[in-house]
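Hello,

Below is the structure I said I would pass on. My notes follow it.

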Amino acid sequence: MTVAPLVSVLLFLAAIVAAFWYLRNEEVEREIESVKRDAELVQQQIRLRLIENQEQLVRMARELGTRTLEREQFLAQAEGLVRARPEMIGISWLDTRQRVIVRHVTSSLVEALPREPAASSPGDDRPRPKETVEAFRDARDLRLPVYSRPFRQHAQLLLFQVHVPVIDHGAFAGTLVAEYSVEAMLRHFVPAEVSRRHVISLVDENRRVLASTVATQPHRSPATLHYSVPFSPVDHGVMLRGEGYRTSFGLIGNTLFWMVLALSVLTVWMLLGTWRHMRRRAQIQGALVQETNFRRAMENSMLTGMRAMDMEGRITYVNPAFSAMTGFTEAELIGRLPPYPHWPPELLDESARLLRQELAGLSPAGGFEVRVMRKDGTRFDARMYVSPLIDARGHQTGWMTSMTNITEAKRVRDQLTASHERFTTVLEGLDAAVSVLSVQSGELLFTNRSYRLWFGVDARWHAQLAGESSPAADGDRDDAVDSLSGLPTAELTEQGADAREVFVDTLQKWFDVRARYLQWTDGRLAQMLIATDITARRRMEEQAAQQAERAQVTSRLVTMGEMASSVAHELNQPLAAIANYCNGMISRAKAGTLSHEDLLGALEKTSRQAHRAGQIIHRIRNFVKRSEPQRTASKAADIVEDTLELAGMVLRRHNVSIHSYVAQRLPPLMVDPILIEQVLLNLIKNAAEAIDNAQQPPQRRTIELRVVPRHTPELGGVIEFGVTDTGPGLKEEVIGRLYEAFFSTKTDGLGIGLSLCRSIVESHHGRIRAENLYNGPQVSGCRFTVWLPVGGLTGAEPSQFTEHL
């Protein structure tokens, strides 16, 4: 049994309801049409009357503007106009300041409102409602008749105004204002038959009722049918609304409807039992179809091929994935017995053996790999998994085989294996020790051949090289606290490698150690360490530092050797003075003419000359003695002063003068003052020799030394030492090789002076530059400039400059 009887009863009931509903809608539509027609009729009558009144007012305003209408004539016309139009309660003539010139109102308004004069005197400027002010302003600006919003003049009177501008020779001269009573307008222009049928109301923009043809009754039911039209030409959101009421109570009050409903309910109750049975049966059938469709959709959406066989090996089912993998259609496979079309001809025996193993239930649980041939002859590797098919009674009816294409996975696996072997070979062949340590457990995850050769398989060496404490002992490992627990792994692995140099005493080797954190293949946080043997490099650096130190001492000794004649001349002067003072005192003492005061004066002069000679010897000794470089906070002025005292000997021998300028309030330099003096002395000596060799005239035998602060993009704040001479300058090919070791333009030069100068300057993180000076196309001299950075070297090693040699 179907649900057709129930549907028939429901359709019959629906038809009856629809018929009643249609009739009711027809009645409502007619009522709405009646309300619409009456509202539009009232609107049309009111609109025509307002337009007619507006034309009369425009004519009066024109006559007022041309001054053809006097006051008495205006009052007469206004009285006649108000008397003929009961909706109009007053006419006023306002000047440009909105003051009343002439005003006429109806006698009924005067009687109802005793304080309202029939005619106002000129200059009446009583406060106006804001609606009146806005309408007056719009009429003045637009030069067109403007209607105001409805407003209450008094509690008993609701009215609106129309302002007609008065134009006198093109200028605004005021307005002619007509006032309309809203209640009178509804009372005179709503026909009696319309009032009996419907309620006509005037509502504002907020849908509040301003006036209506019926008085408000407390128990009156609200209207259910509305139709609104604009209250033109007043507008301002004011609407004229018609309201109607339903004339019947709907379907619920109809007896025929209840009879049909009772018969339908009875029929439904009679068919309910049969319908429940049918519903239960349909639910069971739907669940079965849904389960079947779900299983079929799951099989069809899988990328794994599915094949079912009976106990004899006959194919009974294949899914679309199996057909897509082999290229054979379902019709070509179902019903086939071995050998199957997807078996490669060269592997028929192997495929048959695997099938017998499969039918015997001896297939491994992890599956087995086979070679499968597509319809186009191409081959691919696959892995098959076998499970028995059991029917509803628990009997096995066949075998279900799932097949997965593993060609790409096998290729990737082979590539990964080969890549791992190549990577392991590279790591094992490195001369550096490579190790990976688990941060959590402290065990070594990987070590290469160099690490095992030097440190064995002990994890403690990894921790010592990385600058950490050794892992906890096995007995205490469970209680050890992970210092990196809680830190984000991504933040640690993104950090760069940390480099440090470590000396291993047991191996007597220096190692350059670089460590960084990474995520191991199983997700654990690990630390990778690469330790490179730099023992040979360290020894070479030490030897280079020793050679540089010896070169400095040699350079200073060579310089003093070149200055030997100048030193002898400098010492000869104070020694000759001492001899003269002593001979004079002896001669006067023998003659008996030496007084006590003369003896003291001669001895003081002798002492000063001896002190002068001692200072010369002390300064030369400090300059040439061998000592470790020491960087201290030094003043540029003190360095320049000591340098000039030493350079004075050379300058006097070459008959060259020097002019020096040191800027005031220079910041201190963190340098070795002896090394900087050596640089400046070398530059000044070279400048003096260049001037002397060029045989410059006396007025051009000068050197300028300037010390000023500067700021460079590369070094920032620096102090600039500039040595400028008036010699012949340098050739372009010479400038490029100035700082090469053992290169010299002098016949007797060693070629280590400027090379050592640059090494000293760069060891202080400074720069040195040579350039020619030009006077037009002619070279007028040469300038050597040295820049030394201000501060920032307090933590530098004393022998740091040797790494640049």
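In which loop does Arg143 lie? Arg143 sits in the loop between α4 (130–142) and β3 (146–147); helices (H or I, at least four residues) and strands (E, at least two) are DSSP runs, numbered from the N terminus.

Before the rest, two notes on the source. This is a predicted model, in which local features need pLDDT of at least 70 and side-chain atom pairs count only at pLDDT 80 or more, while totals for chains, interfaces and linings use all residues. Residues are numbered from 1 along each chain as its sequence is written, and side-chain values use heavy atoms, with hydrogens and water left out.

Backbone

Most residues other than glycine have a negative phi, and most peptide bonds are trans. Arg143 is not a glycine, yet has a positive phi of about 60 degrees. Arg143 counts as partly exposed because its relative accessibility is 40% (buried means under 20% relative accessible area, exposed over 50%, partly exposed in between, with a 1.4 Å probe and protein chains only). Arg665, also not a glycine, has a positive phi of about 55 degrees. Arg665 is placed in the loop between β22 (657–662) and β23 (669–671), and with a relative accessible area of 81% it is exposed.

- Ser232 to Pro233 is cis, with omega near 5 degrees; Pro233 lies in the loop between β9 (225–230) and β10 (239–244).
- Pro338 and Pro339 are joined by a cis bond with omega of about 0 degrees; Pro339 is in the loop between α9 (330–333) and α10 (348–359).

Side chains

Gln527 belongs to strand β20 (residues 525–533). Its relative accessibility is 6%, so Gln527 counts as buried. The side chains of Gln527 and His462 are joined by a polar contact of 3.0 Å (a pair of N or O atoms within 3.5 Å; within protein, one must be able to donate a hydrogen and the other to accept it, and residues adjacent in sequence count only if both atoms are side-chain atoms).

Surface charge

Glu26, Glu29, Glu33 and Glu40 form a patch of negative charge on the surface. Patches are made of residues with over 30% relative accessible area and no salt bridge, like charges being joined within 9 Å; a salt bridge is a side-chain nitrogen of Lys or Arg within 4 Å of a carboxyl oxygen of Asp or Glu.

Regards

Conventions. Patch = residues over 30% accessible without salt bridge, like charges linked within 9 Å, V, L, I, M, F, W, Y side chains within 5 Å. Areas by Shrake-Rupley, 256 points an atom, 1.4 Å probe, with all protein chains shown as cover. Lys, Arg positive; Asp, Glu negative; His and termini not counted. Charge placed at Lys NZ, Arg CZ, Asp CG, Glu CD.
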